[in-house]
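Here's a quick briefing on one protein chain. Have a look at the sequence and the structure first, then read on.

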Amino acid sequence: MKTGNEIGAIQHLDPTHHQQQQQQPPSRRPRGFAASAAIHAPGSTSACVKGKKREREKERTKLRERHRRAVTSRMLAGLRQYGNFPLPARADMNDVLAALARQAGWTVEADGTTYRHTALPNPVVQMEAYPVWSIDSPVSATSLGKASCSLDGLHSLQVTLRGHEGTNLSPVASFDSAVISERDTGRSIDTYTSNSLEADQLLHSTRFGEDQSDFAGTPYIPVYIALAPDIINNLGQLIDPDGIRQELSHIKSLNADGVVVLCWWGIVENWIPQKYEWMGYKLLFNIIREFKLKLQVVMAFHDYGIDDSGNVLIPLPQWVLDIGRENPDIFFTDRKGERNMECLTLGIDKERALNKRTGIEVYYDFMRNFRTEFDDLFSEGIVYAVEIGLGASGELKYPAFSERSGWRYPGIGEFQCYDKYLQQSLKLAAKLRGHPFWAKAPDNCGHYNSKPFETGFFHERGDYDSYYGRFFLQWYTQCLIDHADNILSLASLIFEGTHLVIKIPAIFWWYKTVSHAAELTAGYYNPTNKDGYSPLFEVLNKHGVTVKFAHSGLLLTSQESDEALADPESLSWQVLNSAWERGLTVAGENPIGLYDKEGYMRVVETAKPRNDPDRHRLSFFVHQYASPLFQTAICVSELDYFIKFMHGEKS
């Protein structure tokens, strides 16, 4: 064994020994399992921090890529819907450019070669008879053909013609505002020497009844008129039989296919559990039978309206409200502990909190009694469909936007999961997930009237997309899906052979944000990088349900759209296509207050999408209004045109 002096002597005799020790090459950076071991090794704090930063950057990159793909997908969907572009399912920018070139009159081969068949000897073109229209105002090629335009009129449409060099299009409103063809280019300019028509006149001067040729011969879509919700009073009596007959007479004269009647749980089973009073509805249904109209009934398990004194017009059953005084957790609850008594919480679906019955048993008993009481209507084929109310306002959603709680449009709403039953469900889900400390709702999600960027949960890089946020939102939406699945399993047995309908809300505000905050609080986990409607539609398809979507029919101003970052058209397109792709039939409904001709036409365009290769269409449409038809200011002629368009008739 060498002593210290011997070691010093060796180093003195061989000076390169010390240099070799200092000049050893640096060790290679560990990879794979070695890297993981090095990161978790004691004293590797800096390496661990760098690893976490790399993981975060990878997550951000994935999110950016998902967002890019989602935006591209929606752009392509819009081009297919509004631009009549026959784009393939997995289209890219080359397909879009090729479609643009073909619409401009060019020939595009498979290898990308682009050319014209013939030269243009005369710089005059003809509007081809394509069934095209603009989003703002439907203008068909037929109506364009009726309007003779001078060459100056064509220039007012911003169409620049270049003879042999080709044709350059500058569309006015959208890609489908004008279609240029090379056919009949030999016509003289005298053919078009008539009144010059400005672009805005061309887009907006079309009358509602002049586009009838566009929809003549199209598929027949039944139209149902919703009767007023309060035609049966709280005592179960029909208020005005003569007025109902007059109302049905007007509906019959418009050739509507039938009517929609809401059967209120709070009226029929008001005082005593399992004691049902149907006398007012029996009289109403007999009158409807006299007019030979089809009938859709709604199993309404929610309340309705508030009068000037603040009293609910049609509340939940009194015996339920009595139970709620002793056990308020049977109602939805927000973060402040305020109870929402519009409907029962999903948490008691399997809890015997309603006079020793579960929520599902209460709904089942009500539907079964209705089916037994009105068996003759089913056997005669008068009842066309039964709609099952599954949440606030009869829609499948949480009551996140209750005006009684202070919500005002376009607030993001609040999560409704603070009753003890849903809290127990959340604790169990967190425990099964292996993170018991996740058993709580987020505390940084703002209030009813907050905006997404004002909260820590919903802003662009907020907690909604963290591991905890994804867990909570998945649990929150799964409770809603399970609620629908459980009730529809029983309803499909009770109403076997009858169409079942579920109403989906149109939550279009904040749709242009990344988080889609308003949809999240309502129970639809549909951020930009995720399709939140697919899991629900797969369950509904299992039960053969028709999805009724409340099409907004709105054309928001740029200011309204910017303030709420709203996009009703994109939401409608996503919901309809997601449902159709899963084999579901889809129905439509207008919001109360939509009676103008532009709104009607937007509904028709949505009901019968043009150039859809799969020929999708709505199965029926429900038209609702605030008061009896003969007492409203609705233009009956325009409603008559609307029904004819939906039926595919000629005026």
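**Quick tour of the model**

Asn255 sits in the loop between helix 10 (241-253) and strand 8 (258-264); helices (H or I, at least four residues) and strands (E, at least two) are DSSP runs, numbered from the N terminus. This is a predicted model, where local features need pLDDT of at least 70, side-chain atom pairs count only at pLDDT 80 or more, and totals for chains, interfaces and linings use all residues. Residues are numbered from 1 along each chain as its sequence is written, and side-chain values use heavy atoms, leaving out hydrogens and water.

**Confidence**
- The chain's average pLDDT (the predictor's confidence in each residue, from 0 to 100) is 79, and 73% of the residues score at least 70.
- Over residues 15-22 pLDDT stays under 50, and the model has one contact (heavy atoms within 4.5 Å) beyond four places in sequence for them.
- Residues 118-210 also stay under 50, with 147 contacts beyond four places in sequence.

- Most residues other than glycine have a negative phi, and most peptide bonds are trans.
- Asn255 isn't a glycine, yet its phi is positive, about 65°.
- Going from Tyr409 to Pro410, the peptide bond is cis, with omega near 5°.
- You'll find Pro410 in the loop between strand 14 and helix 16 (420-433).

**Salt bridges**
- The whole structure has 22 salt bridges (a side-chain nitrogen of Lys or Arg within 4 Å of a carboxyl oxygen of Asp or Glu).
- Glu380 pairs up with Arg289 in a salt bridge, with the closest N and O atoms 3.2 Å apart.
- That pair links distant parts of the chain, as Glu380 and Arg289 are 91 residues apart.
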